Amino acid sequence: MEPSSCDTFVALPPATLGHRIIFGKNSDRPSDEVQEVVYFPASQHKPGEKVECTYIEIDQVPETYAVVLSRPSWLWGAEMGANEHGVCIGNEAVWGREEVGDDEALLGMDLVRLGLERADTAEKAVCVITELLEKHGQGGNCMEGHMSFTYHNSFLIADRKEAWVLETSEKHWAAEHVKEGVRNISNQLSITRVDRGHPEIKDYARSRGWWDGEKEFDFAATYSYVNTARMTATRGRYCEGYKLLKKHEGRMTAETMMSILRDKESGINMEGGFMTTGSMVSILPQDPSLPCIHFFTGTPDPERSLFKPFIFVPNITQLLKTSSPVFGPEDPVKKKPRFQTKPDRRHELFRKHESAAVLMEGPQGDELLKKIRNLEKEKTDEMEHILQTGHLDVDQAVNLFSKCVEEEIREYLPKD
C-alpha cells in the first residue's frame with residue numbers, strides 16, 4: 001500500500017485572527033470506506049471495568065470525557081475528533097526504519113479516541129497516548145478487508161493554549177511543543193527538535209546503528225529516511241500543506257482552513273483509490289468563556305461537502321443521520337477470522353450525498369454546489385456571531401449539528 005493518507009494542520013496566534021487556534025484535518029482513506037460522525041457523552045465507570053477497542057480490550061478509567069468523533073464506521077477509534085475540554089486530535093500513518101508488525105494491538109485511531117476521552121489538555125493527551133503505547137503497543141490492520149494496511153502513527157494535538165506533535169516508531173516516540181505559528185503533519189516523521197521523548201530513543205537508535213551518538217540528534221532523520229533539511233522545499237503533501245499554511249499566515253480563519261482542506265492541486269484533497277473521506281475544522285478560542293466550535297463533513301470530498309458546526313453543551317441530541325448501522329457481535333470485524341464479509345455501513349447523510357455527488361457531475365451541479373456553499377456560509381456566519389457576542393443559545397446548540405445535517409439533506413432531495 002502506497003504511504004499516502006491524511007494531512008493535519010494547526011495555526012496558532014499570531015498566525016490566526018481573533019486570538020484563536022485553528023485546527024484542521026483531512027482523513028484520506030479507501031474510497032469505498034464510510035466515515036461517520038458520532039457523539040459519546042461523558043461517563044463514569046466502575047472499578048475493574050474494561051473497554052473494548054478495535055482489536056484488544058484494555059482497562060477503563062474512572063471517568064471519560066464527552067467526545068465527538070469522525071471515524072471509519074467499522075472501528076472503535078477515530079481518525080479525528082474533539083472533546084468537551086477543547087482538545088482536538090488527528091493522526092497520520094507514518095513509516096520509517098522500524099518494521100511495522102502485524103500483531104493486533106491498539107490502532108493509532110484507538111489512541112486518538114483514548115486521548116480525547118481521558119485528557120483535558122493537549123499536554124495530558126501526549127501523556128495518555130504514550131503511556132498506552134508503552135503498555136499495549138500499536139498494531140493491527142487499519143483497513144476493513146483482507147489486504148493488510150499497517151503503519152505507525154503521528155498525532156497533532158491542540159487545545160485552547162498550545163499544540164503538540166507526537167510521532168512514534170513502535171513504542172519509541174518524540175514530541176514537539178508548538179507554541180505559536182503554523183505546523184502540519186503528513187505521512188512522514190517530521191520532528192527534528194525533541195522537546196519530550198521516550199527515555200530510550202537515543203540509546204535504541206545508537207544500538208541499531210542509526211545514530212552515532214555524536215552529531216546532533218534529529219528524530220525524523222534518525223528513525224526514518226527523511227532528509228529533514230529539505231522537508232519544506234521538496235514536492236509532496238507535507239511540503240505543499242506547509243506552503244498553504246505559510247501563504248495564509250497572519251490571517252488564518254476557519255474558512256481559510258476549509259479552503260486548504262479543499263485544495264486538490266496540492267494533493268491535500270485527495271482523489272483516487274485513496275481519497276478524502278471526511279474532514280474536520282475546529283475553532284479553539286483562547287478566551288475560555290467562548291465555546292470551541294468544531295465543523296465536520298461526514299462525507300467524502302470536502303470540495304463537494306458541507307462543513308457542519310458542533311458545540312459541546314449538555315444533553316446533545318444523538319447524531320443519528322451521520323451514524324452508521326451497528327452489527328454488534330455479528331460484525332465481521334469482531335468475528336474471527338476477521339473481514340470475511342463487508343456489510344453496508346452507509347449512514348443516511350452518506351447515501352443522500354452519494355446521490356447528490358452524481359447530480360453535481362451534471363448540468364445541475366453548479367447550482368446544487370452553490371446552495372451547499374451558501375448554507376455553509378450561513379452556518380459559519382452564525383458561529384462567528386456567537387464568538388463575537390459571547391452569546392450561545394444552549395437549547396439551539398443541543399440540535400445544532402443534527403439540524404444542519406437535515407438542512408443539507410433537504411438540499412439533496414429532488415425538487416418538484
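These legends accompany close-up views of a predicted model.

**View 1. Helices H1 and H2 cross at roughly 130 degrees.** Start with H1, which covers residues 108-118, and H2, which covers residues 122-136. Their axes come within 9 Å, and the two helices are therefore oblique to each other. The crossing of H1 past H2 is right-handed. On the H1 side, the contact is made by Leu111, Leu114, Gly115 and Arg118. On the H2 side, Ala125, Val128, Ile129, Leu132 and Leu133 take part. Sorted by class, the residues of this contact are 7 nonpolar, 1 polar and 1 charged. The spacing within such lists is worth a glance: an α-helix has 3.6 residues a turn, so residues three or four places apart point the same way.

**View 2. Helix H1 is largely enclosed by the rest of the structure.** How many residues of H1 are buried? The count is 11 of the 11, so the helix is largely enclosed. The buried residues of H1 include the charged side chains Asp110, Arg113, Glu117 and Arg118.

**View 3. Thr130 sits in helix H2.** Is Thr130 buried or exposed? Its relative accessible area is 9%, so Thr130 counts as buried. Once neighbours within four places in sequence are left aside, Thr130 is in contact with Leu166 and Trp173.

**View 4. Helices H8 and H10 pack at an angle of about 160 degrees.** Here H8 spans residues 365-389 and H10 spans residues 400-412, with their axes 10 Å apart. The pair is therefore roughly antiparallel, and H8 passes H10 in a right-handed crossing. From H8, the contact draws on Leu368, Lys371, Ile372, Leu375, Glu378, Lys379 and Met383. From H10, the partners are Leu400, Lys403, Cys404, Glu407, Glu408, Glu411 and Tyr412. Which classes meet in the contact of H8 with H10? There are 7 nonpolar and 7 charged residues, and no polar ones.

**View 5. Helix H7 also meets H10, crossing at roughly 35 degrees.** H7 is made up of residues 348-360, and the axes of H7 and H10 come within 9 Å. The crossing of this pair is left-handed. Glu348, Leu349, Lys352, His353, Ala356 and Met360 of H7 meet Val405, Glu408, Ile409 and Tyr412 of H10. By class, the contact of H7 with H10 holds 6 nonpolar, 1 polar and 3 charged residues.

**View 6. Cys6 and Cys88 are buried cysteines.** A disulfide is a covalent bond between the sulfur atoms of two cysteines. How many disulfides does the count give? With a cut-off of 2.5 Å between sulfur atoms, the count comes to 0. For Cys6, the closest cysteine sulfur is in Cys142, at 10 Å, which is too far for a bond. Cys6 has 3% relative accessibility and so counts as buried. For Cys88, the closest cysteine sulfur lies 6.9 Å away in Cys292, also too far for a bond. Cys88 is buried too, with a relative accessible area of 0%.

Note on methods. Residues are numbered from 1 along each chain as its sequence is written. This is a predicted model: local features need pLDDT of at least 70, side-chain atom pairs count only at pLDDT 80 or more; totals for chains, interfaces and linings use all residues. Side-chain values use heavy atoms; hydrogens and water are left out. Axes are lines fitted to C-alpha atoms, for helices over the stretch in contact, and angles run from 0 to 180 degrees between N-to-C directions. Helices (H or I, at least four residues) and strands (E, at least two) are DSSP runs, numbered from the N terminus. Angles under 35 degrees count as roughly parallel, over 145 as roughly antiparallel, 65 to 115 as roughly perpendicular and the rest as oblique. A crossing is left-handed if the near helix is turned anticlockwise from the far one by less than a right angle, and right-handed if clockwise. Contact means heavy atoms within 4.5 Å. Buried means under 20% relative accessible area, exposed over 50%, partly exposed in between (1.4 Å probe, protein chains only).
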